[in-house]
Amino acid sequence: MPVALIAEELSPATVEALGPDFEIRHCNGADRDELLAAIATADAILVRSATKVDAEALAAAPRLKVVARAGVGLDNVDVRAATQSGVMVVNAPTSNIVSAAELAVALMLAAARHVSPAHAALKNGEWKRSRYTGVELYEKTVGIVGLGRIGVLVAQRLSAFGMKVIAYDPYVQAGRAAQMGVRLVDLDTLLAESDFMSVHLPKTSETVGLIGVEQLHRVKPSLVLVNAARGGIVDEEALYSALKEGRVAAAGLDVFAQEPCTDSPLFQLENVVATPHLGASTDEAQEKAGIAVARSVRLALSGELVPDAVNVQGGVIAEDVRPGIPLTEKLGRIFTGLAGEVAQQIDVEVRGEITDFDVKVLELAALKGVFADIVEEQVSYVNAPLLAAERGTAVRLVIDPESPDHRNLITIRGTLTDGSQVSVSGTLVGINQKERIVEVNGFDVDLEPTLHLAFLTYGDRPGMVGTVGGILGDAGVNIAGMQVSRDAKGGQALVALSVDSAIPADTLADIQHAIDAASVRAVDLV
């Protein structure tokens, strides 16, 4: 009987969901010695946020097959070390969306009505009705930054308050937003029009610092700003200055750039209401999370497909298909980086010998990659098709046993709102099944999909490659690999780059200006 180690207090429903097929053991995951001793004989470990499952813990667990995090975040789990050890990591990506949305609304109301300082004053024996006059939400404009699952729930709830809802999300189509009664706008318009703002974006290299000094100089001085998504999207230093100088009226914060955070200048301000990352801290969310990961543990240990696995995937998948799964996810992320928007139509084309097997999982892997960097919630094999449907994206799996140039070829091809097409293709080469990008927007390339990539399209003429290299060198960005392709002499050319670090936005702008590029796209697969 497999051993399921529960290292933290979980909902009783978790044990019920595991069923009678496991030997249930308990330990205090926060006690390092106790954890290392207990994990040695475990087949699965179920944790929340206090148990650190790192390389040391994994090394002490020769039988371990799955780490289950009863929640969304994975900061306490070393996913890379687990993958290298062949240990599956699962979480509960949708367990907290209602709780997180409700907390965002709670913070907005608390900040608008000065609940926190008024409560503190009253407890100190002070009756200060006139000092804590607030503002109504009714008939005000709320700007939702990020219209993913949680953003949509917040928009629905605030609509019920009689608010006018606008949203910024470059990966949502205007028609889809309009169906929800939301007007889609660019970020500058949202900053200018919003009386209230709520942030619901994933934390990526593009979104860190998105609401910073420049943005907070464009908002109304009456703005109430809420961030219950991820710390760092709102620049905390810039927010402190804006609040202190009266350029922002109030803020509600549940997340911080560095956590735990118990000492911040923001906590000194009366017009800030702050909570210690409580988005998922409800009984209901914890129960949903426990049940979800218990089911995933059962699937993992029975050899079935685990939809919420974040690294290696289990399931009845042919061995010939399995190596293509991580490649296809990467191709999906590259596709999104190239497109810069959600495509109206996506074809996942699978060609070659691999089509002798069931390759449906590759369609799911492609969608998981496509949406990984553009929605707030964790993307899994379960919710990826739903995310596509919610955004009006038609998806088709195309299978062809003929593959003239490669033994197997996987292509993600999409049609954008203006009718243009974006495509990226990859294959696995050699005995070690090395991942290679072999085509980008019709240009032939041969590039390893490393952590940091860039794709530049421009008119073919001498000196451009040297110019690009010089700008990157001046910015301290080292080129690891480069491919140059063109459709004709003097026609359009593509430079595909792998670099050792993320390319700063201003450096990309310098490159675009210097070579008069038609398109400059950076993709970070971190």
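Helix 16 (residues 464-474) lies across strand 19, strand 20 and strand 21 (492-499), running at about 155° to strand 20. Helices (H or I, at least four residues) and strands (E, at least two) are DSSP runs, numbered from the N terminus. Contact here means heavy atoms within 4.5 Å. Axes are lines fitted to C-alpha atoms, for helices over the stretch in contact, and angles run from 0 to 180 degrees between N-to-C directions. This is a predicted model, in which local features need pLDDT of at least 70, side-chain atom pairs count only at pLDDT 80 or more, and totals for chains, interfaces and linings use all residues. Residues are numbered from 1 along each chain as its sequence is written, and side-chain values use heavy atoms, with hydrogens and water left out.

Which strands make up the open sheet with antiparallel pairing? There are four, in the order 20-21-19-22. Two strands pair if DSSP finds at least two bridges between them. Strand 20 (479-486) and strand 22 (519-524) are the edge strands, and each pairs on one side only. On average, neighbouring strands of this sheet are turned by 15° against each other, direction ignored. Six bridges join strand 19 and strand 22 in the antiparallel sense. Leu456 has Val520 as its bridge partner in strand 22. Helix 13 (residues 324-339) lies across strand 19 and strand 22, at about 145° to strand 22.

## His452 in strand 19

His452 sits in strand 19 (residues 452-459). Is His452 buried or exposed? His452 has a relative accessible area of 12%, so it is buried. Buried means under 20% relative accessible area, exposed over 50%, and partly exposed in between (1.4 Å probe, protein chains only).

Leaving aside neighbours within four places in sequence, His452 touches a list of residues that includes Leu497, Asp500, Val523 and Val526. Take Val523. Along the chain, His452 and Val523 are 71 residues apart, yet their C-alpha atoms are separated by 6.0 Å.

A second open sheet has seven strands, in the order 8-7-6-9-10-11-12, with parallel pairing. Its edge strands are strand 8 (183-184) and strand 12, each pairing on one side only.

Now look at strand 9 (residues 196-199). Phe196 and Ser198 point one way from strand 9, Met197 and Val199 point the other way, and all are buried. Strand 6 (residues 141-145) pairs with strand 9 in the parallel sense over four bridges. Here Gly143 stands opposite Met197. Strand 9 also pairs with strand 10 in the parallel sense, over four bridges. Phe196 stands opposite Val224 in strand 10. Four bridges then join strand 10 (residues 224-227) to strand 11, and these two run parallel. Asn227 has Leu253 as its bridge partner in strand 11.

## Helix 11 against the sheet

Helix 11 (residues 236-244) lies across strand 10, strand 11 and strand 12, at about 145° to strand 11. Its buried residues are Ala238, Leu239, Ala242 and Leu243. These residues cover an arc of only 130° around the axis, so they are on the same side of helix 11. The arc is that of the directions from the helix axis to the C-beta atoms. An α-helix has 3.6 residues a turn, so residues three or four places apart point the same way.

The buried residues of helix 11 pack against helix 10 (213-216), strand 10, strand 11 and strand 12. The face turned away from the buried side carries the exposed residues Glu237 and Lys244. Both ends of the story have a detail to find. Asp235 caps the N-terminal end of helix 11, with a side-chain oxygen 3.0 Å from the backbone nitrogen of Glu237. Just after helix 11, Gly246 takes a positive phi of about 80°.

## An aromatic pair in a loop

How many aromatic pairs does a search of the whole structure find? The search finds one. Phe256 and Phe267 form this pair, which is edge-to-face, at 5.5 Å centre to centre and 90° between the planes. Rings of Phe, Tyr and Trp (its six-membered ring) pair if their centres lie within 6.5 Å; planes under 30 degrees apart count as stacked, over 60 as edge-to-face and the rest as tilted.

Phe256 and Phe267 are 11 residues apart, in the loop between strand 11 (250-253) and strand 12 (272-274). Phe256 is buried, at 6% relative accessible area. Phe267 is partly exposed, at 33% relative accessibility.

Terms used:
A polar contact is a pair of N or O atoms within 3.5 Å; within protein, one must be able to donate a hydrogen and the other to accept it, and residues adjacent in sequence count only if both atoms are side-chain atoms.
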